[in-house]
Amino acid sequence: MDVNRIRTLLLEEFPHETTEGQEQLMGELAVFLTISWKKANALFILKGYAGTGKTTVVKALVNVLPALQKRTVLMAPTGRAAKVMAGYTGKQAHTIHRKVYFAWTNKEGQIEMKLQKNLHRHTLFIVDEASMIQHTLPVEGQLFPSRNLLDDLFGYVKSGENCRLLFIGDAAQLPPVGLDYSPALDAAFLKNGYDMEIDSFELTEVVRQSKKSGVLINATRIREQIMNQELKFPMFRTERFPDVYRISGTDLEEMLNQAYAGEGRENNVVVCRSNKRANIFNREIRKRILFLDGEITTGDYLMVVKNNYFWLPVESSTGFIANGDIVEITRIRTFEELYGFRFADITIRFLDYPDEKELDVKILLDTLTSESAALTQPENNRLFNTVMEDFADTPSRRGRVEKVKASPHFNALQVKFAYALTCHKTQGGQWDTVFIDQGYLNENMLNVEYLRWLYTAVTRATKRMFLVNFRERFFP
């Protein structure tokens, strides 16, 4: 099938009048699916502002590919992002980790993550929220060495027969933790690091139906500041937009009550600038909005804050419990204090994986209110060393280390409450209602990093957003 015919098919799948950029993109994708596809190292990068129609383009692409005798696999960095992707395409979507890795038990009986064999043929792997993909090199001497996700993703896709990659993302969003750019959206980095032949396109025009959305209009204004390096207070427009609200702290409780009564706890989130602020919001939401007593209780929503390969059975289709997974407590059995830490044995269900059975796990209660993202390295070392003291009668250090790796206490899930989260933890997800807490801010903090934080927070909202305690200078 030639380029023009593919372009026509893509346009026919489009449910709205196309913008000039979208029409041009259809031609670029048609070239990629024909001429560029013949190159074994072909890659397409689709970047776009919020509200420019990326999701509509992807849905059209997914619907057209079967006519070209090509298959699709949809992936995203987190479970919530994969759930969003499945929602707008109507197709199954996977997390990258769960698609490219499998759990393997080594000779010592320990679980390791290995790269899957790619059995797909003539397949386009479409990866949404690609700005989040980490490019992390292993740390020498680390107990559980981290894998380089970007390396492994390329290795997995290239090992299939006639398979190609398409990255989708928004370069204005927060980059991976510890980086000031998003490697998977950086054409020069990918060309030099992976010898890829790259086609790329960026959608910049907000589509007509999105211009009625105050959320997207304000997101676009922030995005333009980022692109133009305008380091000043963004001006939020709230007039004429019924989906953008400016509220004070005194109004917050009433608005949260209305949101939880209307959408339920799964569809609301407070976005904060620090774990310390998130802890305060989580405490008050549990006490004053949800009326939950006790340190944890049945029905509490938790977010996993560190990958865990211990609790899910090897045969599970989910593979492992990932950083960013949101779970609900369905039963609490016991509390325990040991090794200088506090634990609870509970049963959980996965909100983003409804087909996964409920699971009995041990959680680490100390991380619930910690001001760090998860256990710090010194805390992790302290837990490791105190657990290892239990195995002092094992003669070799290697033997003791292997027993620690098999300890349910050392492998306890590290979790935080999921009602208020830092912006990095919400990335890739969407909620009907988003409350954005300004937090402490002075003019010296008005940099590109802050604008990216604000842009990412705003674009988590699908229906409405509340700007909480934002100063006068944010409004005309």
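Analyst: Let's begin with two terms. A lining residue is one that has an atom within 4 Å of a point of the pocket, and helices are DSSP runs of at least four residues, numbered from the N terminus. Please keep in mind that this is a predicted model.

Now to the second largest pocket, which has a volume of about 860 Å³. Its lining is made up of 39 residues, and the closest to the centre are Ala50, Gly51, Thr55, Leu216 and Gln430. Sorted by class, the lining holds 17 polar, 14 nonpolar and 8 charged residues.

Which elements do these residues come from? At least two residues each are supplied by helix 3 (54-64), helix 4 (79-89), helix 8 (214-228) and helix 14 (448-458), and also by strand 7 (164-169) and strand 18 (461-468). Helix 3 gives the most, with 4 residues.

Helix 3 also leads us to a neighbour, helix 1. The buried residues of helix 1 pack against helix 3 and against helix 2 (20-34). Which residues are these? Helix 1 spans residues 3-12, and Ile6, Leu9 and Leu10 are buried there. If you look down the axis of helix 1, these buried residues fall within an arc of 100 degrees, so they line one face of the helix. Turn to the other side of helix 1 and you will find Asn4 and Glu12, which are exposed.

So, to gather the picture: helix 3 is the top contributor to the lining of the second largest pocket, and helix 3 is also packed against by the buried residues of helix 1.

Terms used:
Residues numbered from 1 in each chain as written. Predicted model: local features only at pLDDT ≥ 70, side-chain atom pairs only at ≥ 80, totals over all residues. Heavy atoms only, no water. 1 Å grid on protein atoms, 1.4 Å probe; cavity = no way out; pocket = protein on both sides within 12 Å on 5 of 7 lines; lining within 4 Å. Points joined across faces, edges and corners; volume = space filled by probe spheres on them. Nonpolar A, V, L, I, M, F, W, Y, C, P; charged D, E, K, R; others polar. Buried < 20%, exposed > 50% of the residue type's maximum accessible area, 1.4 Å probe, protein only. Arc of directions from axis to C-beta. Contact = heavy atoms within 4.5 Å.
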